[in-house]
Number of protein chains: 2
Amino acid sequence: MDLRPLFEPRGLAVVGSVKPGKIGSVLIGQIIDGGYKNVYAVNPNGEGFRGIPGFKSLRDIERPVDLVVIASPASTVASVLKDAGRAGVRSAIIITAGFSEVGNREGEREIVEVAKRYGIRLVGPNCAGIVNTSFSLYPTLETRPPAGKVAFVSQSGALGGAVLSWAEGQGVGFSKFVSYGNGADLTDVDFLDYLRDDPDSRVVCLYLETVSDGRRFLESASRLAEEKPLIVIKAGRSASGRRATLSHTGSLAGEDAIYEAAIRQAGAIRVGSIEEMFDLSRGFVHLPPVKGRRLAIVTNSGGPGVLAADRAEEVGLIVDPPGDRLKGELAEKLPPISSLSNPIDLTVEGGEEEYRFALSTVLSEYDSALAINVSPAYLDPRPLARGVVSAKADKPIAACFMAGRPVAFALPILEEGGIPNFATGERAVEVLARMAGYEEMRGRAGSVRPAEPVGEIEGEGVLLEPDGFDLLERLGFPVPRHELARSADQALDASHRIGYPVAMKLVAEGVIHKSELGGVILGVDGDRKARRAFEDLKGAGGDRFIGVLVVSMIEGGIEVLVGSFRDPKFGPVVAVGLGGIYTEILADVSFRVAPIGEGEALRMIGELEGEGILRGARGKGPTDIPGLSRLLSDVSQMMFKYPNIEEMDLNPVFLLKEGVLIGDARIVLKGGG
Amino acid sequence: MDLRPLFEPRGLAVVGSVKPGKIGSVLIGQIIDGGYKNVYAVNPNGEGFRGIPGFKSLRDIERPVDLVVIASPASTVASVLKDAGRAGVRSAIIITAGFSEVGNREGEREIVEVAKRYGIRLVGPNCAGIVNTSFSLYPTLETRPPAGKVAFVSQSGALGGAVLSWAEGQGVGFSKFVSYGNGADLTDVDFLDYLRDDPDSRVVCLYLETVSDGRRFLESASRLAEEKPLIVIKAGRSASGRRATLSHTGSLAGEDAIYEAAIRQAGAIRVGSIEEMFDLSRGFVHLPPVKGRRLAIVTNSGGPGVLAADRAEEVGLIVDPPGDRLKGELAEKLPPISSLSNPIDLTVEGGEEEYRFALSTVLSEYDSALAINVSPAYLDPRPLARGVVSAKADKPIAACFMAGRPVAFALPILEEGGIPNFATGERAVEVLARMAGYEEMRGRAGSVRPAEPVGEIEGEGVLLEPDGFDLLERLGFPVPRHELARSADQALDASHRIGYPVAMKLVAEGVIHKSELGGVILGVDGDRKARRAFEDLKGAGGDRFIGVLVVSMIEGGIEVLVGSFRDPKFGPVVAVGLGGIYTEILADVSFRVAPIGEGEALRMIGELEGEGILRGARGKGPTDIPGLSRLLSDVSQMMFKYPNIEEMDLNPVFLLKEGVLIGDARIVLKGGG
């Protein structure tokens with residue numbers, strides 16, 4: 001999509017009153033002060049402002065206008081857009097509020113229709129505008145931010161504004177900023193697609209309350225994350241958060257677990273706060289890729305080094321001591337008082353040359369380095385900063401020069417040398433760990449195409465268990481041997497064919513939680529027990545009794561659950577978790593937007609806290625994790641192959657040393673309410 | 001202990017060269033600039049500096065000197081101390097390094113002996129000095145910090161210095177600062193004891209690498225935390241961190257889990273970074289106690305409100321919507337566009353009066369409030385700050401005014417009004433949650449006295465299981481019925497007395513992991529099986545066979561582990577965890593320094609992630625948690641009653657609906673190595 005008329009307009013008109021204090025005049029002031037020239041004012045009186053010409057109608061401007069910024073009352077917006085369309089304007093930013101966010105859906109629908117009719121692309125309404133620093137373009141009410149390599153797309157105008165105001169003090173500069181407000185036309189995915197190809201943006205940050213279209217978001221985010229880092233703040237993790245989002249944007253936020261899965265699946269990076277976003281952006285902008293997890297810490301003070309090492313290990317970096325060869329190399333030139341484990345503590349004897357030497361030497365073995373300097377008030381930190389800068393290699397070095405006035409003079413040296421400085425060593429290593437994670441994920445997203453529909457499954461509502469088992473068996477899924485018996489004699493015959501011991505399960509209309517009704521009898525190991533089990537189950541079923549499902553007993557194995565359901569935002573979703581009561585308590589389940597390949601399924605399994613149990617805890621061998629991945633991948637395609645499947649719940653699935661077996665299947669079809 | 005000579009000296013001498021650039025001159029400069037008057041210089045030439053008189057010996061000063069600050073070479077320190085002792089000096093700060101931290105233990109022992117002989121209390125050696133702002137006393141090389149209500153005790157001089165330098169920009173002021181370096185005499189516990197009674201210190205912060213004495217630390221920290229908040233940064237959480245601490249301080253840091261337990265047990269608050277320490281200190285200094293977890297968020301922007309609500313729920317605050325009555329009250333006066341759920345979003349229409357009204361109204365129902373303001377560049381935030389300040393009640397209000405220049409003018413209004421402002425809403429709610437936790441813990445520490453020794457247990461090394469069971473039974477612990485059988489006939493007799501089904505366990509010299517050797521046979525339910533089980537076990541035992549322990553089978557129950565061992569720093573420690581392979585993978589174990597009462601034991605159990613399983617997951621009823629607490633409390637006294645117990649490992653313990661039963665016991669006595 002061509003968004004150049006929006007981000008690089010040949011001319012720009014601001015529609016709205018230019019009386020002092022009115023939004024129109026604030027906007028024009030910002031645009032002029034930002035350095036953009038071809039700006040025009042449009043208002044009923046044709047008043048100009050601060051030397052720029054005023055017009056009564058967009059059509060009166062006899063120079064090219066690609067973008068109109070609308071701040072006139074909500075009731076006038078549709079006619080302004082018509083005027084713009086007739087004047088050949090191709091894009092509009094609607095600052096004006098008073099549309100769907102206050103229930104005026106009709107008004108919003110109208111402006112979208114008008115825009116579509118004239119081929120105008122809209123940002124907003126109810127938004128804070130955009131910024132393109134490389135084009136000196138600032139049609140926004142918010143603080144004009146410093147220029148840089150970070151693009152920031154925000155669903156919330158106010159939060160976007162706060163970020164712009166905050167950026168300067170944080171050393172973050174922006175390429176583009178977009179607040180898209182209600183997102184009536186252009187929205188999250190459009191800007192992600194545009195920014196993917198924007199050479200000015202090295203990192204893209206997104207503040208999201210809800211996505212417009214889950215699947216398109218996943219696609220756009222994945223494509224972008226292959227090219228450059230995508231950092232996402234998704235609000236509404238908590239119950240109260242979701243409620244607030246709801247009242248604020250007029251749209252339902254999807255379950256957070258699914259967002260979490262989609263962001264991860266796209267190879268994007270989720271952060272919880274604006275400070276993390278700033279830190280991480282600075283890392284990505286200034287540092288080369290972090291191509292591994294081995295971190296060396298070089299410090300002149302023990303305590304801060306240890307705190308950084310603690311946090312580094314918590315976030316998955318490896319802070320191993322140097323090998324003997326490297327240690328020998330270091331010992332040759334470093335002061336004897338230095339500690340040569342990791343953190344490498346140069347003590348107060350660490351000067352410019354010691355920092356340079358230690359950092360460049362350790363980077364022959366480690367993947368990244370952190371330079372910590374704690375400057376006492378009486379020591380000049382500038383030589384140390386120069387030492388760090390001159391060590392700069394093709395591997396990343398982050399710095400933590402602490403703190404306040406004693407190091408203030410050293411910070412510009414680091415900045416000019418391209419070394420990002422962080423407030424604490426802990427924050428620095430968090431950035432390095434996230435950057436390492438990004439490299440690991442990159443290019444692995446490996447999207448899988450949804451299967452073509454192959455038909456409908458007969459029936460509606462919840463399938464009876466024998467029907468579910470038969471269906472799964474027909475489709476090649478691993479189910480145990482099973483037969484439906486309608487009489488005790490049939491049950492005995494079935495047991496003989498299957499071979500004792502068997503399990504017997506009640507099949508009855510509308511009985512779903514069999515086990516809670518005593519509807520499952522395990523370990524039936526002879527004819528007498530089988531007959532009695534049949535009669536017991538028949539009694540339990542009462543009027544609704546249909547039969548008894550005789551199933552071969554599954555020996556050993558670890559219980560997992562595999563499921564698939566439809567999320568309102570993202571459509572089919574697939575889930576895997578550890579089964580049994582432990583999972584219910586620990587909620588150890590991992591999700592993905594379906595479909596997925598076996599590689600992605602392996603990553604899902606790897607995210608489970610109890611993964612070690614599947615890999616074989618003490619006394620139990622490893623299980624067939626590849627088999628489980630295959631099952632997950634197959635299940636993830638089911639709703640595409642059979643569009644009338646509403647839900648699949650395979651729980652438990654027995655994960656064996658070799659193979660997997662579905663112990664119980666609940667399949668829900670559309671219809672049948 | 002009287003530390004007044006140290007913190008409020010009538011006179012102070014600096015021993016060391018006063019040549020330009022030497023540490024002695026830097027120290028004297030700091031002390032003079034800080035405003036302290038009665039300072040003297042002592043050096044071989046009797047040189048003065050910046051107008052203060054110089055002397056060749058401490059004994060030549062004919063005015064009272066309570067404190068000597070020593071910066072002369074390490075080899076001279078002992079004789080300086082002798083001189084000081086003869087001159088009647090009562091305390092010394094030894095800045096000089098070159099003692100135990102570089103292996104010179106002998107030198108350190110010598111100065112401690114000299115000091116003891118003369119009744120001088122020492123800070124250091126190898127330290128950065130102290131600060132007492134209320135006495136204008138700054139004998140330190142570090143930045144002189146602003147005065148305030150926070151005391152900071154740091155094992156690391158450099159980290160302490162960084163904190164002092166950083167404090168000003170963070171709005172934190174200090175009452176006292178101590179860097180105690182090697183802690184040869186005065187150390188962590190002494191300063192905690194002193195600060196507990198120091199009226200100038202409202203909050204105490206401690207940076208710790210290792211404690212001097214685990215039990216004394218626990219006592220001092222507990223006593224302090226009853227009076228005022230104690231915030232602890234403990235370095236060395238990670239493997240690499242511990243290694244670095246080791247090489248840095250020359251002392252072995254205890255396992256982090258035990259530190260974690262002791263800090264929690266003391267009612268202190270552990271934080272992971274200096275930023276958290278600053279945030280939390282400001283909360284405690286400026287806000288009244290947070291006496292509950294219900295939080296109201298009042299904002300003028302949706303996004304930041306939601307992010308704060310998300311984080312609030314993650315850290316255990318409750319962000320419920322207001323009740324109908326309160327909603328009605330709010331609706332009467334707030335602009336109709338406001339969202340009256342929680343966060344309460346006043347939108348851009350929220351002005352001074354709206355903030356004041358909303359905050360004071362919600363605090364009738366909620367325990368604390370957060371006021372968020374996101375100021376667009378064109379809006380004056382000062383009235384909003386005044387609104388927040390005038391709402392100030394006896395319940396805590398924290399603020400997050402975002403960000404940068406647009407809100408800079410509002411921050412002094414908040415500060416003067418006693419409202420702490422935080423960089424993000426997320427950081428503000430983390431502080432409120434920690435403060436709520438402190439109130440919940442306060443006064444609950446309920447220390448239990450160690451039992452008096454009652455004797456020695458006979459034997460040494462690992463007790464054989466029957467002996468362990470017999471011992472436990474004699475002491476009143478719940479063990480299943482058991483008998484040792486040395487022949488198959490004895491095994492049958494025992495089984496008859498106990499009643500089938502029974503379990504049979506191999507008893508053999510030096511065989512510890514019975515289950516891995518096939519040394520346990522469960523569900524023996526008849527004579528034939530019993531005889532065969534005996535023979536199998538006898539075969540497995542071979543030469544080392546002693547007998548077979550016949551034990552009544554335990555039906556149902558949930559497996560937990562209960563243990564006790566000696567930590568090198570803290571002495572006897574007690575542990576509880578969920579048993580089985582899940583625990584091994586999830587490492588879900590909770591620790592306490594022994595002994596503990598049943599209340600503390602209940603809190604330990606409450607910390608387990610799998611606590612819900614004990615409380616009764618679906619399909620399983622609740623278990624006897626009070627019984628388990630009793631067992632934990634009893635086990636925690638065992639090493640005090642029987643000082644020759646080295647280790648106790650009860651695993652599994654079966655937690656039943658009523659009662660607990662010890663399934664296996666491994667008891668290790670001292671000696672026998």
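Q: What is the relative accessible area of Arg216(B), and in which class does this place the residue?
A: Arg216(B) has a relative accessible area of 37% and is partly exposed (buried means under 20% relative accessible area, exposed over 50%, partly exposed in between, with a 1.4 Å probe and protein chains only). This is a predicted model in which local features need pLDDT of at least 70 and side-chain atom pairs count only at pLDDT 80 or more, while totals for chains, interfaces and linings use all residues. Residues are numbered from 1 along each chain as its sequence is written, chains are lettered from A and ligands numbered from 1 in the order in which they are written, and side-chain values use heavy atoms, without hydrogens and water.

Q: Which residue forms a salt bridge with Arg216(B)?
A: Side chains of opposite charge can pair when their charged atoms come close. Here the partner is Asp190(B), with the closest N and O atoms 3.5 Å apart (a salt bridge is a side-chain nitrogen of Lys or Arg within 4 Å of a carboxyl oxygen of Asp or Glu). Because Arg216(B) lies in helix α7 (residues 214-227) and Asp190(B) in helix α6 (residues 188-196) of chain B, the pair ties together parts that are 26 residues apart in sequence (helices are DSSP runs of H or I, at least four residues, numbered from the N terminus). Asp190(B) is buried, at 5% relative accessibility.

Q: How many residues apart are Arg325(A) and Glu329(A)?
A: They are 4 residues apart in helix α12 (residues 324-333) of chain A, about one turn of the helix. Arg325(A) is exposed at 53%, whereas Glu329(A) is partly exposed at 33%.

Q: How many salt bridges are there over all chains?
A: The count is 78.

Terms used: Helices (H or I, at least four residues) and strands (E, at least two) are DSSP runs, numbered from the N terminus.
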